[in-house]
Amino acid sequence: MCGIVGFVGKQACTSILVNALRKLEYRGYDSAGIAIFEGERIKTVKAQGKISEGLEAKLKTEPIFHATCGIGHTRWATHGEPSDVNSHPIGNGRVSIVHNGIIENYREIKAFLTSKGYGFESETDTETVAKLLDYYYEGDPMEAIEKALEDIQGAYALGIIFREHKNKIYAVRKDSPLIVGKGDGESYIASDVTAILEHTREYYCLERGEIAVLDERGIHFTDMHGEPIEKELQTATWDVESAQKGGYEHFMLKEIHEQPEAVKNTLSPRVKDGLPDFSECGLTAEKLREYKHIFIVGCGSAMHSGMVGKYLIEDLARTPVIVDIASEFRYRNPLVSSGDLVVIVSQSGETADTLEALKLSKAKGADTLAVVNVVGSSIAREADMVIYTNAGPEISVCSTKAYAVQVAFMYLLAFEVAYSRGKIDEEECKRLTAGLLAVPEKIQMCLDDMSGYQFVASKIFNADSLLYIGRGLDNALSMEGSLKLKEISYIHSEAYAAGELKHGTISLIEDGTPVIVAATQSALFEKTLSNVRSVKSRGAKVVMICRESEAIDANCADYKVGLPDAEDLFLPLISVVAMQLIAYYTAVQRGCDVDKPRNLAKSVTVE
Ligand code: M6R
């Protein structure tokens with residue numbers, strides 16, 4: 001998704017802006033650009049393609065003066081193809097802007113401005129905002145911004161500069177995130193804090209309806225009518241190191257290895273006297289006992305963590321759980337009402353569909369609990385209750401540690417719902433919680449030797465298509481395994497309930513089709529094996545992910561990925577590591593851009 005940066009201070013800003021944009025590359029983009037104050041004019045340099053090949057290459061050929069203020073952008077095309085002209089910053093020499101989000105009524109604005117004599121060069125919705133600001137500008141930037149924002153509908157975060165107001169940046173947002181960084185004699189704007197961590201850890205979260213004005217003297221916040229407002233300074237706990245690769249070849253590999261620590265960081269603050277405790281956010285046992293329905297809503301991996309949550313809560317607490325994809329939930333008039341709990345899961349806390357699902361749930365009167373990783377994100381701010389998953393920054397587009405910590409939270413939630421509803425007693429709840437706290441060690445054991453995953457990857461990396469199968473919790477897990485593989489290796493894959501294969505999908509099996517089988521649930525093991533035999537007899541190449549101690553007949557599985565011994569209930573949180581690493585090494589062997597897969601963005605802030 002697009003990324004915004006801006007800098008004002010005493011240092012030369014070009015390399016600061018470009019470096020900050022590099023930090024946002026993980027969000028996904030197809031072009032990048034900067035606009036800086038140069039003498040009496042605004043100079044813009046922008047190019048389609050990777051920063052190193054496009055923008056930086058262009059900058060080398062341009063004479064750049066010592067500018068100390070500018071804005072920058074990485075664009076992920078929505079309106080208009082990726083091209084130099086559609087890249088941001090966009091403006092007309094008098095006003096220049098960078099924009100994240102979507103302007104829904106841009107056609108109407110364009111028609112209006114055209115009738116006033118404005119011409120348009122790009123196909124973007126953003127250009128209509130730049131020209132609208134220019135239209136309203138009569139010397140006072142605040143007045144122009146206020147009037148323009150009254151006209152525009154949609155989601156936006158904007159960084160704006162006016163030629164006549166040298167070395168000043170104006171920032172404003174609605175629904176798309178924007179932070180304002182406070183350095184020593186310099187200030188920043190950025191889509192997220194990772195962009196500016198090497199300069200400062202102190203920042204403000206810009207809220208809807210607030211304008212930040214940044215100049216050499218500092219940062220000034222006002223409401224839309226120019227009334228000054230006081231804001232609370234935040235301190236990022238993430239450090240520069242945690243947002244860098246730290247010797248790993250890819251962020252994804254680093255983040256996979258961070259999972260034992262991340263899971264500990266999610267769990268330990270929520271366990272008191274050996275029992276789950278969510279009092280930090282007001283989610284009491286009384287509330288959990290009373291909720292009529294529990295919904296879990298998210299997108300992609302976040303939704304998959306909800307699938308695991310459903311199996312766990314329904315099994316342990318005997319309480320029905322509805323899991324939904326946010327983009328479906330928000331448009332299907334869901335049966336949510338007062339007395340229900342809606343758990344909203346999101347790593348970024350900015351996913352547009354998930355945010356809208358949250359707003360809808362609130363509007364229908366439900367209690368909302370956000371399970372998010374990014375502190376101060378839109379979803380965290382909007383929800384009634386928040387649990388931060390404490391995974392640290394996840395840079396790779398492909399979610400690994402963020403998924404693991406979401407799942408870890410689902411376990412604790414299931415234990416607490418079951419305990420509060422009297423389905424398990426205190427002793428059992430403590431036993432389960434202690435078992436969960438021991439999971440990070442088992443995850444670590446899966447990370448100690450990569451050779452098994454590399455070997456499996458070497459056997460499947462040439463496949464055109466493959467299947468993931470499992471039953472029960474393994475079925476929920478397979479969905480995540482399949483998503484990992486297709487997302488980064490571009491091999492088509494599908495996750496299927498093992499017992500459902502014979503109702504159609506088994507016809508896809510031909511000689512050599514890889515089938516990855518998750519078989520961690522003892523009660524279902526024999527059933528799964530019979531499904532394995534039926535695919536094997538049709539030519540499938542079978543990879544079994546099961547306990548190391550499980551004796552597998554060579555006629556049944558071609559390769560085994562052994563897991564450390566653990567209670568059935570906990571094995572999905574352990575075996576997902578194997579799924580992630582198989583996907584990772586397969587993508588590496590295929591030469592794919594693991595951290596930045598094609599067509600994908602880390603944070604999907606548009607519908
Ligand atoms: O930031 P979110 O957790 O809301 O993101 C949701 C999905 O976009 C995300 O999990 C996506 O599916 C990942 N790329 C999967 O690896």
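**A strand and its partners**

Modeller: Helices (H or I, at least four residues) and strands (E, at least two) are DSSP runs, numbered from the N terminus. This is a predicted model, in which local features need pLDDT of at least 70 and side-chain atom pairs count only at pLDDT 80 or more, while totals for chains, interfaces and linings use all residues. Residues are numbered from 1 along each chain as its sequence is written, and side-chain values use heavy atoms, with hydrogens and water left out.

Colleague: How do you know that strand 22 and strand 24 pair?

Modeller: Two strands pair if DSSP finds at least two bridges between them. Strand 22 (residues 465-470) is joined to strand 24 by 3 bridges, so the two pair, and they run parallel. Strand 24 also pairs with strand 25 (residues 541-547) in the parallel sense, over 5 bridges. Within strand 25, Met544 stands opposite Val517. From strand 24 the chain passes through helix 18 (residues 522-536) to strand 25, a right-handed β-α-β crossover (with the strands pointing away from the viewer, the path from the first strand over the helix to the second runs clockwise).

Colleague: Why is strand 24 called largely enclosed?

Modeller: Buried means under 20% relative accessible area, exposed over 50%, and partly exposed in between (1.4 Å probe, protein chains only). In strand 24 (residues 514-518), 5 of the 5 residues are buried, so the rest of the structure largely encloses this strand. In a regular strand the side chains alternate between the two faces of the sheet. Here Pro514, Ile516 and Ala518 are buried on one side, and Val515 and Val517 on the other.

**A loop residue**

Colleague: What makes Asn167 buried?

Modeller: Asn167 has a relative accessible area of 14%, and the limit for buried is under 20%; Asn167 is therefore buried. Asn167 lies in the loop between strand 7 (154-162) and strand 8 (169-174).

Colleague: What makes the approach of Asn167 to Glu216 a polar contact?

Modeller: A polar contact is a pair of N or O atoms within 3.5 Å; within protein, one must be able to donate a hydrogen and the other to accept it, and residues adjacent in sequence count only if both atoms are side-chain atoms. The side chains of Asn167 and Glu216 are joined by such a contact of 3.3 Å. The side chain of Asn167 makes another with the side chain of Thr68, at 3.5 Å.
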